[in-house]
Amino acid sequence: MKIFLDSANIEHIRQANTLGVIEGVTTNPSLLSKEKGDWKKIIRHICKEIDGPVSVEVLATESAAMLAEARELVKLGPNIVVKVPTTIEGLKTIKELHQRGVETNATLIFSPNQALLAAKAGAAFVSPFVGRLDDIGQDGMQVVQDLMTVFRNYDLPAQVLAASIRHTNHFFQASLLGADAVTVPLSVLLDLIKHPLTDIGLAKFLADWSTP
Ligand code: E4P
């Protein structure tokens, strides 16, 4: 399972990158709007920092305008993946970009049907939003499970990228289900490494070593 960082914060991205486990970055307009400075410059920095796909989302809602934005986005780095909302206009855009050899990440996916259509249209990644489904009382991970079954049934080439990951159990469940990739904020990434018994064990080793 590939691990991506869900962030537009260059310091978080650098910090995560020192761990040697980050293989890509996903941004979205909300994450980018939290950062100070020119967003294009930020994306260029991220593209240089990360050796892997960097998803950046279009803001237009109509296909011709999405395509115009995508043309500009791909100039920001060789590893840009154009993030496109999974709408009717989005599907047209995914299809068109696929034909032009541009990788896309179909975002805001909340059902296996949306994912199936995005994959058929040519998306490189499909991003089911787990946490946001949980927020409305549904089981976000069940959607990932169903989606994995559908993708295996038809051997669809798109990579399933579990998104809107809020805690370590989401991450673990995604890995059990065989998601191709998962995108996590820095806080969740750091939580994955922590275990109280590791801390207790380390403290005991150090105490025993220093006891004469
Ligand atoms: C994915 O690509 C999105 O940027 C992200 O995972 C959304 O997460 P949220 O629901 O925590 O905002």
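Contact here means heavy atoms within 4.5 Å. Helices (H or I, at least four residues) and strands (E, at least two) are DSSP runs, numbered from the N terminus.

This is a predicted model, where local features need pLDDT of at least 70 and side-chain atom pairs count only at pLDDT 80 or more, while totals for chains, interfaces and linings use all residues. Residues are numbered from 1 along each chain as its sequence is written, and side-chain values use heavy atoms, with hydrogens and water left out.

**Stop 1: helix α4**

Select residues 63–73, which form helix α4. Colour Ser63, Met66, Leu67, Ala70 and Leu73, the buried residues of this helix. Buried means under 20% relative accessible area, exposed means over 50%, and partly exposed lies in between (1.4 Å probe, protein chains only). Now look down the axis. The arc is that of the directions from the helix axis to the C-beta atoms.

What do the buried residues of α4 pack against? Show α3 (39–49), β3 (54–57), β4 (80–85) and α5 (88–99) to see these partners.

**Stop 2: Pro78**

Move to the loop between α4 and β4 and pick Pro78. Is Pro78 buried or exposed? Pro78 is exposed, with a relative accessible area of 87%. Next, draw a distance from the C-alpha atom of Pro78 to that of Gln99. They are 21 residues apart along the chain, and the separation is 17 Å.

**Stop 3: Leu108**

Select strand β5 (residues 104–109) and find Leu108 in it. Leu108 has a phi near 60 degrees, a positive value in a residue other than glycine. Its relative accessibility is 32%, so Leu108 counts as partly exposed.

**Stop 4: helices α8 and α9**

Show α8 (residues 140–154) and α9 (residues 168–177) together. Their axes come within 10 Å and cross at roughly 20 degrees. That makes α8 roughly parallel to α9. Angles under 35 degrees count as roughly parallel, over 145 as roughly antiparallel, 65 to 115 as roughly perpendicular and the rest as oblique. Axes are lines fitted to C-alpha atoms, for helices over the stretch in contact, and angles run from 0 to 180 degrees between N-to-C directions.

Which residues meet here? From α8, take Met141, Val144, Gln145, Met148 and Arg152. From α9, take His170, Gln173, Ala174 and Leu177.

Stay on α9 and colour its buried residues: His170, Phe171, Ala174 and Leu177. They fall within an arc of 130 degrees, so they line one face of the helix. Their packing partners include α8, α10 and β1 (2–6). Just after α9 comes Gly178, with a positive phi of about 85 degrees.

**Stop 5: Asp155**

Go to the loop between α8 and β7 and select Asp155. Phi of Asp155 is near 50 degrees, another positive value in a residue other than glycine. Asp155 is exposed, at 67% relative accessible area.

**Stop 6: helices α1 and α10**

Finish with α1 (residues 10–17) and α10 (residues 186–193). Their axes lie 10 Å apart, and the helices pack at an angle of about 25 degrees. α1 and α10 are therefore roughly parallel to each other.
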